[in-house]
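Reader: I have a chain to go through with you. Terms before details, please.

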Amino acid sequence: MSIRSALVIGGGVAGPVTATALQMAGIEARVFEAYSGPAVNIGSSLGFAPNGLAALDVIGAGDAIRRLALPIRHSAMSFGHKTIEMPTAADLEPQQLVDRSDLHTALHDHAVAAGIPFEYDKRLVRVDERADHITAHFADGTSATADILIGCDGVKSTVRDLIDPNAPGANYTGMLGFGALSDHTLDTPAHTMIFAFGKNAYYLYWVGADGRVGWGANLPSKRYMSISEARAISNEQWLRTMRDTYGEDVPGADLVRHTRPENLVVSGALHIMPPVPHWHRGRMVLVGDSVHAPSNSTGQGASQAIESAIQLARCLRDFDDPATAFTAYERFRRPRVEAIAARGARINHAKTPGPVMRKVMPALMPLMFGSSKLQQIMRREQSYRIDWAAPVDEQAELAWA
């Protein structure tokens, strides 16, 4: 194996997992994060699929997430006073609901315990690439050199632009994300997620282990707002906006009314990545949201990032040069992640329906989500497992697409 060292740009979800998997593959990895510390306080809860947990088990981090998470064993769609149960796969591990900051912290701590070094305040500005190495230059004037550079730097990826200056950026879904804890009480069964289609906007809710109701809002907004722009508006103002939006919904109106400002988490614009033409160039390659950020509607964003991180490490372990490893990685990962992203894009349209669609949704949505075809697709997504010990077999991987 000629690949001995890697620079990992980004310390969110994909970065620590990539570095840990690379170490397992015999490749020395260092993580460089633009912020001044571990990536926390950047969002609320997220769904973690069974395939994502199985991928984390490969690097020994799965149980750490299970200890933090709330298993979601049942789910239902709600249209005001009408609730429709959704099918579940009894033979698969349930989806887990985990706080994003807790997830980032757990993955960071696991990587540190494995001996992965992290460096902070390292904002990548350019690279110098040579025949046998690549050097990253950071805004603080420092640099670092290794055999390859891996972009795990999110939807606004600098590495993606370095690979291809004409690469598309993330698309705005037309919705802003919020998470909250409400003091309102509900008789919703434990370990149950309700996906609610309100009169004006979509939201979801569940009862936590402490009996409080957690909920998330996808608030339609014509104006794009970054997380910093959205957080410049007070939580009190956002709650007033939500009262106007969800005021006619049950239980949406009560969830908003009983949410204290300090218990609201503002996440800003929700994104989805369109297909990226070039996943790699030379000694650079992309992983996670930098190249395939599906809509949050899929419940697969973090899981797909983790799968890709581990599969890239397998390819770098099994192939002697970056070009061959990167090409194999893209060839079998692209079909899977783009199919999942396309499914999420279709679901997003249901979150912001027009007046006609809103009237037919109670009849249409159960047919769509209850269809045997969709159930087969989702089972296939969630049944995916990585065999770390096996040599990379592209044809076997493509069978999962």
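Author: Two strands pair if DSSP finds at least two bridges between them. Strands (E, at least two residues) and helices (H or I, at least four) are DSSP runs, numbered from the N terminus. This is a predicted model, in which local features need pLDDT of at least 70 and side-chain atom pairs pLDDT 80 or more, while totals for chains, interfaces and linings use all residues. Residues are numbered from 1 along each chain as its sequence is written, and side-chain values use heavy atoms, without hydrogens or water.

Reader: Fine. Which residue is the bridge partner of Phe32 in β8?

Author: Glu119 is the partner of Phe32 there. Strand β2, residues 28–32, is joined to β8 by two bridges, and β2 and β8 run parallel.

Reader: And which residue in β2 is the bridge partner of Ile9?

Author: Phe32 again. β1 and β2 are parallel too, with five bridges between them. The chain goes from β1 through α1 to β2, a right-handed β-α-β crossover. Right-handed here says that, with the strands pointing away from the viewer, the path from the first strand over the helix to the second runs clockwise.

Reader: What is the strand order in that open sheet of six?

Author: The order is β8-β2-β1-β12-β19-β18, with mixed pairing. β8 (118–119) and β18 (280–281) are the edge strands, each pairing on one side only.

Reader: Which strands does α1 lie across?

Author: Helix α1, residues 14–24, lies across β1 (5–9), β2, β8 and β12 (148–151). It runs at about 170 degrees to β1. Axes are lines fitted to C-alpha atoms, for helices over the stretch in contact (heavy atoms within 4.5 Å), and angles run from 0 to 180 degrees between N-to-C directions.

Reader: Other sheet. In what order do the seven strands come?

Author: They form an open sheet in the order β6-β5-β14-β15-β16-β13-β17, again with mixed pairing. Its edges are β6 (82–85) and β17 (264–272), each of which pairs on one side only. The average twist from one strand to the next is 20 degrees.

Reader: Are β13 and β16 parallel or antiparallel?

Author: Antiparallel: β13 (residues 171–182) and β16 (residues 213–220) pair over eight bridges. Leu176 stands opposite Leu219 in β16. Helix α7, residues 235–246, packs on this sheet and touches β13, β15 (202–207), β16 and β17. The direction of α7 makes about 80 degrees with that of β16.

Reader: Now the inside. Which residues touch the most other members of the largest nonpolar core?

Author: Ile150, Ile310 and Leu316, in a core of 75 residues. A nonpolar core is a set of buried Ala, Val, Leu, Ile, Met, Phe, Trp, Tyr and Cys residues joined through side-chain atoms within 4.5 Å. Helix α9 (residues 301–318) gives the largest share of this core, nine residues. A second, separate core has 25 residues, among them Ala196, Val207, Trp215 and Tyr246.

Reader: Single residues next. Is Glu397 buried or exposed?

Author: Buried, at 10% relative accessible area. The cut-offs are under 20% for buried, over 50% for exposed and partly exposed in between, with a 1.4 Å probe and protein chains only. Glu397 sits in helix α13, residues 394–398.

Reader: What does its side chain make a polar contact with?

Author: The side chain of Arg314, at 3.3 Å. A polar contact is a pair of N or O atoms within 3.5 Å; within protein, one must be able to donate a hydrogen and the other to accept it, and residues adjacent in sequence count only if both atoms are side-chain atoms. Leaving aside neighbours within four places in sequence, Glu397 is in contact with Gln311, Arg314, Phe332 and Tyr384.

Reader: Where is Asp321?

Author: In the loop between α9 and α10 (322–351). Asp321 is partly exposed, with a relative accessible area of 31%. Its side chain reaches the backbone nitrogen of Ala323 at 3.3 Å and makes a polar contact with the side chain of Thr324 at 2.8 Å. Beyond neighbours within four places in sequence, Asp321 is in contact with Ser2 and Ile3.

Reader: Last one, His278. Which residues is it in contact with, leaving aside neighbours within four places in sequence?

Author: Ile163, Asp164, Leu286 and Arg334. His278 is in the loop between β17 and β18 and is partly exposed, at 43% relative accessible area.
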